[in-house]
Amino acid sequence: MKISIDHQKVDVNPGETILEAARKNGIDIPTLCYHEAYGGQGMCRMCMVEVKTGQTTRMVASCTYPIYQEIEVETSTPAIEKIRKNIVTLLYRSSPSSEFMEKLYREYQGGEMRDVQFSPEFSDRCILCRLCVKACEEIGTSAISAIYRGTDKRISTPFDEASAACIGCAACAQVCPTSAIDIFQSDTERIIWNKTFTRVKCGRCGEPFATREQLEYIAARTGIEGYEATLCEDCRKKKIAIQLSQFTD
Amino acid sequence: MQSTIDLDNRMILVCCGTGCLANGSMEVYEALNQGLTSTNVQVQTYTKPTGCNGWCEKGPLVKIMPDDITYIQVTIADVPEIIEKTLQTGEVINRLLYRDPKTKKRIKSHHEIEFYKKQHKIALRNIGEIDPASIQDYIDRDGYKAITKVLAAVTPTQVIDEVIKSGLRGRGGGGFPTGLKWKACAATTALPRYVICNGDEGDPGAFMDRSIMEGDPHTVIEGMIICAYAIGASAGFIYVRDEYSLAVKNLGIAIDNARSCGYLGKDILGSTLSFDIDIVRGGGAFVCGEETALIASIEGNVGEPRDKYVFPTEKGLWGQPTIINNVESWANIPVIINEGAQKFAAIGTEGSKGTKVFSLVGKVINTGLVEVPMGTTLREIIYDIGGGIPGGRKFKAVQTGGPSGGCIPDSMLDLQVDFDTLTEAGSMMGSGGLIVMDDRTCMVEIARYYVNFLAEESCGKCTPCREGLKAMRETLEGICKGQGKLEDIDFLRDIGETMQTASLCALGRTAPNPVLSTLHYFADEYLAHINEARCPAGVCRDLTHFYIEAELCTGCGLCVKQCPVDGISGEKKEPHVIDQEKCIQCGECINHCKFNAVKVR
Amino acid sequence: MSVKARQVDIAKIIEILKNYPEEKRYILAMMQDVQGEFKYLPREGMEIIASRVDVPLSRVYSMATFYKAFSLVPKGRINFKVCDGTACHIKGSNVLIDQIYKHLGIKPGETTADGEFSIETVNCIGACALAPAIVANERVHPKVTSAGIIDIIKSYGGLADAIDN
C-alpha cells in the first residue's frame, strides 16, 4: 500500500512501522533507542512524528506505530522539534559526563552551549536506551536488565554483583551509544559488570580477543569447538576467504 | 435466667469495611455475637458483617433491621445496652444516634441523614446491607437475575446494544464508552478472548473499588460473566491491588460460591457458556492500573506499558482480544441488564450517564464514600453531603482525578460533576477521588507531592515521563525550600507540554496536570514562594514562620500540650510565645488553637 | 547498616513453589508467597524461582525490584507502614516520617541495626477518615499526632530519646 511521508509517496507493507518505512526510503528520523537488529522500543521518544488519518492528527512514536491504513506523516514540525530538543536536554541533565549527549545537546541548541542545570540524581552517561539489555538478550545470556522503576530505574546485574550468566562478550558495551558501560581490558583480562574474565589469544595470529567464558558459551550453543573456536574475527574471515577462493578460481 | 425471645428475623448489620475495622468494629461484631448467645436469644439471622457503608468518619456503624436504626461510633461498651434495650424491646438508644449539626436533632434512620439523603446507590447498592461471604444475600437482592435472563433469552449483540444504550462510560478514569469497547472486541475473530477486572485502584485517597470488591464481590463477578457471554470470552481475571488483602479474601470466597452454584465453570446454567475467573494479586505498582501495564503484569513481566496503537480489544492479554474494565464499571452492569438501559440513562447528564462513586476525603467533616448522579455539583457533594470544612476553616480547593487530575478552586464549586466538565476545568474525573483542601494546604507542596508520587510510580521506560518528572520534582522541591526562580515556572510549563505529547502512556501524559492546574489557579502561591521565600499556607517548613498574635491569645495552654518539642511557653491566661529555635513547623499549634491566635508570617 | 543474616529454609521455598505450575505468569504469585512466609524476599527465593520457571535471574530480579510489595531486606520485628496517601499527607504524614527518623534513625525502606524496627511508606491504606494513619504489623493506629507517634514507638519497646546521627 502507499502512504505519504513528508509529502513523499512511499510503498509499505501492512504492519511495517513508520520508522522502517521512512528509513527504507532514505527519510531520516532521529532515534536513540532504535537498532536495526532489535527493532523499535518506544523508549526515547525522539522518533515522534505527526500522523494524519482522515480528519484526525496525532503524535505517535514512529518506531512502534504499525501502518495498516493510508496515512500522511510529517517527520519534522516545530512542535516535534521542540519535543526532540526537550528530550535531549532532559537526557543531558541526567548524564553530564557523556560526550555524546553534550554534542547532541549543542546540536539541538543551534550550536550554542546554553547553561544546563544538571540533576543531582545523575547517571554516569547512561541514557536508559536499553540497547545493552537487548544485546544481552539476543546473545542469550540476559545477564543484565533494567531494575527498579521510575527515577530510580537503572541497568545492572542481579544484586549489582558479578553475574554467573555474564560471559564477558562486551556486546553491551559495543552497542551502547554513550559508552556508558565501564570495561577494563588488558591482554590477559577483561573486567566488565564487576566480573573478571580471562582473555583468550587467537590460535592463528596470537592477538587476545574473546573471553574463555564466551568461547565456552559459543561452543555449547553452536557446537563449534577445537581450532575453529580459537580464531579471532579477522582470522576466521581470512580462513573463509581462502576457502571461498577455491571455488572462484 | 432463661428467656427465649423471638426477634422475628431481626438483623444486625455491623460494618466491617477497612475503615470501621480499624476503629474496632470486629470487636463490636464479636461482642454482639457473644452477648446474643449468652442471653439465649432465638433469632433467624442475627449479626452480619457487611462491607463499607461509606461513612467512615462515623464508624463503627451498626444498623438494626427491620427497625431501620443506625447507630454510630459504637464501642464494645455499648453492646450490652444495645442487646438489652434495642434488640429485646425495640427501644432506641438516643445517644448512639447521629445528631444533625444544623437541626440539632437525633436521626434514627440513615436514609434521613444528610450524608446519605442525596446519594443514589447503584454500584454501592448492596454494600452495608449484605454479608459479602454469602451468595444467598446477593441472590436475595436480585443477584444473578441478570445473567440468568441473558443466558435464557438475550443474544450477545442485544447485550452489547443495551450497554451502549445505557451510555455507561468507564469508571476507572478513561471514561471510554463501555458498550463500544465490548462491540469492538466482539467484532474481532481471534480466539480465545479474555475479560479482566482492573482492581488495581492506585489513586491515593480513593477506596471505592476496595469497598466494592470487599463488600459486594458478586456484582463484579456477575458483570464479568455477562461480558464473557457478550464477547465470547472463556477466561477472566480480577487483578487486585496487593495491599487489599480483605478484597482478595472476599473475592476468593465469592468465586468459590459462584462456582458451587453453577454461575462459573463449564456450561453455566445449562448454556454453552463456559467461563471462570482467577484472581491475580498486584505487586504494588500504581502504573499497573494502566491497562497494557496490567496485561504485562498478568503475563509475568514488570508492569511496563506499551504504545497503544493497536488496542487491547484487538490484541491484549497474550496477544488475544481482551476487555478490561474497572471494578465500578462492572458493578453497574447487572443493574443495567436487570432494570434496562433507559432507566440508567435517565440519570446523569447528556454526556455522562448514571451515577459515580466518589471518595470524599481530606479536610471535610463527613469523609467517606458517596454515590451520586452525574451532574451533582461539587458544592452539593462537599457541603450538603460532606458537611463542609471542619474546624471552621476555609475551603481552598478540591483535587479530582488523583495524580492525573487537577485542583479546582472555590470559584468553580458550582461545576456539575461529569467526565467532560472536569476535563474542561483542567482536571479530570479519574477514578473518583475528591480530596478537599483548606487554607492550611500549600498548593505548591501538593504539586510537589503528586510529582514525587509519580516519579516513584512511573515505570521509568520512556524519557519524557521519567526525566520530566525528575526535573519537575527537583524544581518543585527547590521552590518549596525557597530556592525557586521565576524561570522555573516557564520550565515547568515547557517540560509539562513535552510530557503531555510525547510520553508513552497516560501516566506520563497526565503527570503534569497537578502542576499545570495549580499554576493556573494558584499562581500567587508559587510567586510568594519564589519572590518572597514565604509559604502563605504555613506548610513548607523552610518558608514557614509561625507566631502567636498576643492580642488574640487567651493563654489557654492548649498549644503547649500539642507541641512535640516543648517550644511554646507562657503563663496561664497570659499570651504565649513560640520559641523559633525549637519550632519544627509541624503545625499542631495552629491546627488546635481555638482562637485563631497562631498566625503564619 | 547491616541486619543479622538469617538462615533461609530452602526446603520451605521449594514447598511453596509447588503450589504453582512452572510458568512465567506465576512468578509474581510465587514471589508474593515466599515473601509472605519469610517476611521478605530472600535471594535464594529469586534464584530458585528463576531456575524452576526457566527464566533468567535478571528477569526475576527486575520484577522483585520493580514491584514495591517486595522487600529484599528483612523487616524489623515491628514494621511501621506510614500511609502517605493524599488525605494522610495533607494531615501531616511527613511530620510522622521525620519523627520516626529522629527517634529511630531510619528512613523509609530501612531497618534499625538491631532488627527491631523498620519503616516504609505506603500509598493509601483506604482508611482516609482516620488520617494520618500508621499501620504497625497489621494494627492500624488512627489519627496519629507528632507527639503521639513517640508514645506509639515507646509502646512497642522503642527508644525514647532522639538518636544523634
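Predicted model: local features only at pLDDT ≥ 70, side-chain atom pairs only at ≥ 80, totals over all residues.
A salt bridge is taken here as a side-chain nitrogen of Lys or Arg within 4 Å of a carboxyl oxygen of Asp or Glu. By that rule, the count between chain B and chain C is three salt bridges.

**Chain B and chain C**

The contact between these two chains involves 54 residues of chain B and 40 residues of chain C. The area buried between them is about 3,600 Å², with carbon and sulfur atoms giving 55%. R281(B), G283(B) and Y449(B) supply 15% of what chain B buries against chain C, more than any other three residues. R281(B) also forms a salt bridge with D33(C), in which the closest N and O atoms are 3.1 Å apart. Polar contacts between chain B and chain C number 13 residue pairs, both residues being at pLDDT 80 or more.

On the side of chain B that touches chain C, two or more residues come from each of α1 (18-22), β8 (235-240), β9 (276-281), α12 (291-299), β11 (355-362), β15 (433-438) and α17 (443-457) of chain B. Of this side, α17(B) gives the largest share, with seven residues. Divided by class, the residues of chain B that touch chain C are 25 nonpolar, 15 polar and 14 charged.

**Chain A and chain C**

Here 13 residues of chain A are in contact with eleven residues of chain C. Together the two chains bury about 1,100 Å², 59% of it on carbon and sulfur atoms. Within chain A, the residues that lose the most area to chain C are Y148(A), R149(A) and F159(A), which together account for 54% of what that side buries.

One salt bridge is found across the interface of chain A and chain C. R43(C) forms a salt bridge with E161(A), and the closest N and O atoms of the pair are 2.7 Å apart. Eight residue pairs are in polar contact between chain A and chain C, with both residues at pLDDT 80 or more. The side of chain A that touches chain C consists, by class, of seven nonpolar, three polar and three charged residues.

The two interfaces are set out below.

| Chains | Buried area | Share on carbon and sulfur |
|---|---|---|
| Chain B and chain C | about 3,600 Å² | 55% |
| Chain A and chain C | about 1,100 Å² | 59% |

**Strand pairing in chain B**

Four strands of chain B form an open sheet with mixed pairing, in the order β2-β1-β3-β4. The edge strands, β2 (47-50) and β4 (69-71) of chain B, each pair on one side only. From one strand to the next, the twist averages 20°.

Within this part of chain B, strand β1 (residues 11-15) and strand β3 (residues 62-65) run antiparallel and are joined by four bridges. L13(B) stands opposite K63(B) in β3(B). In a regular strand, side chains alternate between the two faces of the sheet.

**A hairpin in chain A**

In chain A, strand β10 (residues 195-201) pairs with strand β11 (residues 208-211) in the antiparallel sense over two bridges. K201(A) stands opposite P208(A) in β11(A). The hairpin of β10(A) and β11(A) has six residues between the strands, and in it G206(A) takes a positive phi near 80°.

Definitions and conventions. Residues numbered from 1 in each chain as written. Chains lettered and ligands numbered in written order. Heavy atoms only, no water. Contact = heavy atoms within 4.5 Å. Buried area = accessible area lost by both parts, 1.4 Å probe. Polar contact = N/O pair within 3.5 Å; in protein donor to acceptor, adjacent residues only side chain to side chain. Nonpolar A, V, L, I, M, F, W, Y, C, P; charged D, E, K, R; others polar. Pairing = 2+ DSSP bridges. Axes fitted to C-alpha atoms, helices over the stretch in contact; angles between N-to-C directions.
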